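Hello,

Here is the structure I promised to pass on to you. Have a look at it first, and then read on for what turned up.

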Amino acid sequence: MLSRRVLAGVALVATIALAGCGGNDDNSGDTGTDAGSGSNEYANLSGELKGGGASFPNAFYTEAIAEFKGVASKLTVTYNSVGSGQGKKDFGANLTDFAGTDSTVKDTDGVAAGSYLYVPTVAAPITVSYNLNGVDKLQLSPDTLAKIFQAQITTWNDAAIAADNPGVTLPSTKITVAHRSDGSGTTNNFTKYLKAAAPSTWKLDSGDTVNWPASTQGAEKNTGVAQLIKSSDGGIGYVDFSDAKESGLKFAAIKNKDGQFVAASLDGATAALEGATIKDDLTYDPLNAAGATTYPITAPTYILVRTKYDDAAKKDLVKGFVTYILNEGQTLAPEVDYAPLPDALKTKALAQLDKIQ
């Protein structure tokens, strides 16, 4: 598996080589692959690690795993993007060594209380992506957004949408709402946002799954929702920032707590992280955070690790890999459209690993 960084480096070398044909400059090109520098601490890690769970951070974990292979060539790490809900169940059933989740563990998730620790890794915006011919810019307030996803607003020229978008000509196209069909931390965070930002309007509560109106459409993973939106003029859904950009989707600017319409961006996500309160277990909630530049639907994501691994060698592998995610991996995050952790939270996350027995 080649990471985006390596592929970009290969392209750069090819460009330099073509540009240099016929010249006398014998300067060697840099491949752009710097993962191996200063990373000998991982060289002795050997074996196999299995992880799975949230699709929200999948692009980041895929990139980090590919880069990690360059400094830990004897360790094979796999991550199966099956959604937060299934990821927690598999972890609880001892089918994986670590799990990815964007939502906290509930009693019904199959993970025993006291058997796990949260390790925050990165954060990112959840976009409200849409596909509407002739409309390249869109603004949505929380109450309007809630009504759209509850199927109370069914056409794009509805008065509430028009009020959020003065001067924009909106078509009478039917709205097609796309959502996750699998248990999803992205769903959990999106519905938590609506519950917090539009409390008098949103009636579907929050969770990894909710009872969506029958007129809406469901798909697995963020990529599935993105595909539904792309295939339908009038489509709208919630998709992580990385997959929305990769799919070429347009996304709406969302009215934040300070009354500003802000489009999804890493800067907006970083602003949301700065205002989040971190709990003792290292979970935190940047949703609907205050601040003029804050993107209000910013979601955290975590790796679940065990408090105790029966195999001491497996413990060392988990600690080594997650340490890489928190150190070198943070520099990769913006390259694949994720916001790295603030330094204070990163320090606490690294300390969390010392609790593993």
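How many helices and strands does the protein have? There are 12 helices and 13 strands, taken as DSSP runs numbered from the N terminus (H or I, at least four residues, for helices; E, at least two, for strands). Please keep in mind that this is a predicted model, where local features need pLDDT of at least 70, side-chain atom pairs count only at pLDDT 80 or more, and totals for chains, interfaces and linings use all residues. Residues are numbered from 1 along each chain as its sequence is written, and side-chain values use heavy atoms, with hydrogens and water left out.

Now to the interior. Of the 357 residues, 53% count as buried (under 20% relative accessible area, 1.4 Å probe, protein chains only). The largest nonpolar core has 91 residues; such a core is a set of buried Ala, Val, Leu, Ile, Met, Phe, Trp, Tyr and Cys residues joined through side-chain atoms within 4.5 Å. Its largest share, 10 residues, comes from strand β4 (residues 116–131). F68 is among the residues with the most contacts inside this core. Leaving aside residues up to four places away in sequence, F68 touches Y42, L45, L75, V77, G320, F321 and Y324 (contact means heavy atoms within 4.5 Å). Another core, of 9 residues, lies apart from the largest one and includes A219 and I229.

Contacts also reach along the chain: among those between residues at least 6 apart in sequence, 74% join residues at least 24 apart.

Enjoy exploring!

Technical notes. Buried means under 20% relative accessible area, exposed over 50%, partly exposed in between (1.4 Å probe, protein chains only).
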